[in-house]
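Subject: Structure handover

Hello,

Here is the structure you are taking over. Please keep it open while you read the notes below it.

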Amino acid sequence: LAVDDGLRTGYHFQPPKHWINDPNGVMYYKGVYHLFYQYNPKGAVWGNIVWAHAVSTDLVDWIMLPPAIYPTAPFDVNGCWSGSATVLPDGTPVIMYTGIDGENRQVQNVAYPKDLSDPYLREWVKPDYNPVIAPGPGMNATAFRDPTTAWQGPDGLWRLVIGTKDNHRGLAVLYRSRDFKRWAPAKRALHSGDTGMWECPDFYPVTTSPAVGSGGGGSGNGTKHVLKVSLDLTRFEYYTFGEYDHATDTYVPDAALADGNDGLRYDYGNFYASKTFLDTAKQRRVLWGWANESDSATADIRKGWAGVQAIPRKVWLSSDGKQLVQWPVAEIESLRGAHANVTDTLVAGGSHFEVTGLASAAQADVEASFQVMDLDKAEPFDPAWRGADAQTVCAARGADARGGVGPFGLWALASDEHGERTAVFFRVFKGGDGGKHVVLMCNDPSMSSHADDLYKPTFAGFVDVDIAQTGGKIALRTLIDHSVVESFGAHGKTCILSRVYPTKAVGDKARLYVFNNGESDVKVTHLNAYEMRSAKITSDAVEPTKR
Ligand code: DQQ
């Protein structure tokens with residue numbers, strides 16, 4: 001069975017065709033959000049990489065512009081890879097990106113807007129003095145890339161980090177500059193870990209308030225600094241946060257946090273090479289991440305497209321200071337249309353019901369609150385799973401394995417008779433640390449499609465909530481978009497994005513169910529499922545009004 005084009009997204013960012021990967025140079029500049037991204041202008045597989053460019057005034061509707069940065073010079077002749085934008089104090093934005101030079105070395109180049117009076121900043125100029133940072137002696141020149149947004153220290157110097165590796169050790173190496181032109185490496189890396197290459201590092205301040213200030217300054221007074229890296233070995237992203245001392249450029253992660261595979265993730269699903277920016281218009285930090293396909297390369301070539309961007313997420317520190325919290329930017333709620341509502345409906349163990357009333361549940365935003373009626377029915381947490389990651393537990397106890405408390409949640413993109421369905425659910429165990437329940441959130445795509453050439457990984461993360469304290473209540477929000485199921489558990493504490501390829505649950509054939517496959521009854525206290533309109537993706541045919 002072939003995957004069909006009814007799987008293109010309606011409100012997740014996608015260009016009309018071809019391959020995309022990492023978001024790049026994301027920024028807000030004079031009323032306009034810029035999204036650049038890794039793009040193959042010639043096909044639906046990775047290669048020929050340029051920076052494609054799109055602009056928006058609301059992070060919802062996008063105007064597609066011609067590629068902004070593409071190979072033109074010896075310092076980027078073999079590709080223009082990932083990088084970031086920095087808005088300088090005089091208001092000029094500057095991009096730094098990784099160029100693949102004639103010797104296939106990874107070097108860092110800067111580019112400046114050609115015409116600051118163009119509200120879309122369409123054209124970018126690369127000064128002849130590039131590259132501004134080349135791999136030093138003894139450095140791994142084929143693993144030295146993805147510069148972050150720069151920040152300025154109290155001494156006035158700019159700093160940024162670049163991802164690299166030294167044998168198996170991943171590093172975020174620090175560089176400093178007075179003029180954004182001449183850069184000197186710091187003696188010590190900002191941080192490192194025994195994890196393999198660190199791609200796409202990101203480093204930024206957060207507080208427990210979703211609203212952020214200027215974004216400058218060191219840690220202290222409730223401000224923590226987040227360091228995120230993308231591990232090319234596992235294709236997952238991990239973060240720590242802790243104290244950053246501006247004067248000495250020392251970063252010390254909080255003691256409870258681990259680097260690498262045992263660490264915290266932004267997303268426990270298909271989400272990679274992400275990058276944040278400070279949105280000065282709305283005083284928030286916004287996270288962009290790329291979701292790859294999980295069908296085959298052959299299917300991508302047939303479809304003519306591959307890759308989407310996740311919905312931009314606001315990110316901040318949880319009130320207990322133990323993790324980050326993420327939530328889709330409020331702007332996407334402007335796409336909400338007709339909605340179906342369920343209140344105080346009991347779902348008996350072993351039962352399910354359809355959420356009816358939507359013309360299609362292929363493009364929907366679902367907010368649900370569940371209440372477990374009998375937490376005592378929770379199964380003991382198998383001591384053999386201690387230290388195991390959530391994905392291992394969920395693979396052992398999928399959506400169809402009957403439990404004590406849960407699995408309960410949604411069947412998204414379900415066909416008639418739900419022969420196809422993607423299960424997003426919680427499962428609760430007794431006997432966690434300190435006697436707390438262990439709450440697991442999973443995305444089980446094993447029944448998501450009748451097609452046979454798909455990679456269908458189970459994704460899962462633990463949810464750090466004390467479910468007994470909340471009276472058995474837990475919330476789930478799921479953004480459904482044809483081939484995307486992007487979920488936020490417990491108000492954004494655990495997030496899972498999954499790509500699925502239904503063959504029957506497509507367009508107006510897609511349905512939505514609530515299911516409970518546990519012993520304990522579960523009540524749906526509230527559920528609102530909104531049909532989502534499509535975002536407007538236009539090309540730049542019309543000259544915008546200059547202001
Ligand atoms: N993708 C880019 C690299 C980056 C990787 C190349 C991460 O710069 O390290 O397309 O997906």
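**The largest pocket**

Domain 1 (5-11 + 20-328) and domain 2 (336-532) each give at least three residues to the lining of the largest pocket; the domain bounds come from an automatic or database domain assignment. This is a predicted model, in which local features need pLDDT of at least 70 and side-chain atom pairs count only at pLDDT 80 or more, while totals for chains, interfaces and linings use all residues. Residues are numbered from 1 along each chain as its sequence is written, and side-chain values use heavy atoms, with hydrogens and water left out.

Grid points are joined across faces, edges and corners, and a volume is the space filled by probe spheres set on the points.

The volume of the largest pocket is about 1,200 Å³. Its lining has 41 residues, and Asp262, Leu264, Asp433, Phe462 and Asp464 lie nearest the centre. Strand β32 (459-463) supplies at least two of the lining residues, as do β17, β24 (324-328), α2 and β31. The largest share, 4 residues, is from β32. Helices (H or I, at least four residues) and strands (E, at least two) are DSSP runs, numbered from the N terminus. By class, the pocket lining has 20 nonpolar, 11 polar and 10 charged residues. Here Ala, Val, Leu, Ile, Met, Phe, Trp, Tyr, Cys and Pro count as nonpolar, Asp, Glu, Lys and Arg as charged, and the others, Gly among them, as polar.

**Cavities**

There are 3 cavities of 30 Å³ or more. Among the residues lining the largest cavity are His191, Trp198, Tyr239 and Asp259. Strands β16 (224-231) and β17 (236-245) are the elements that give two or more residues to this lining. It has 6 nonpolar, 4 polar and 1 charged residues.

The second largest cavity has a volume of about 50 Å³. Its lining includes Tyr11, Trp62, Trp288 and Ile332, and by class has 10 nonpolar, 1 polar and no charged residues.

**Cysteines**

How many disulfides are there in the whole structure? The search finds 1, where a disulfide is a pair of cysteine sulfur atoms within 2.5 Å. Cys394 is joined to Cys442, with 2.3 Å from S to S. The pair links distant parts of the chain, 48 residues apart: Cys394 is in helix α2 (residues 390-396) and Cys442 in strand β31 (residues 438-444). Both Cys394 and Cys442 are buried; buried means under 20% relative accessible area, exposed over 50%, and partly exposed in between (1.4 Å probe, protein chains only).

Cys80 has 0% relative accessibility and so counts as buried.

Strand β5 (residues 80-87) is mostly covered, with 7 of its 8 residues buried. Antiparallel to β5 runs strand β6 (residues 93-100), joined to it by 6 bridges; two strands pair if DSSP finds at least two bridges between them. Cys80 stands opposite Gly99 in β6. In the hairpin, 5 residues lie between β5 and β6, and Gly91 in the turn has a positive phi of about 90°.

Regards

Methods
On a 1 Å grid over the protein atoms alone, a cavity is a set of points where a 1.4 Å probe fits but cannot get out, and a pocket is an open set with protein on both sides within 12 Å along at least five of seven lines; lining residues have an atom within 4 Å of a point.
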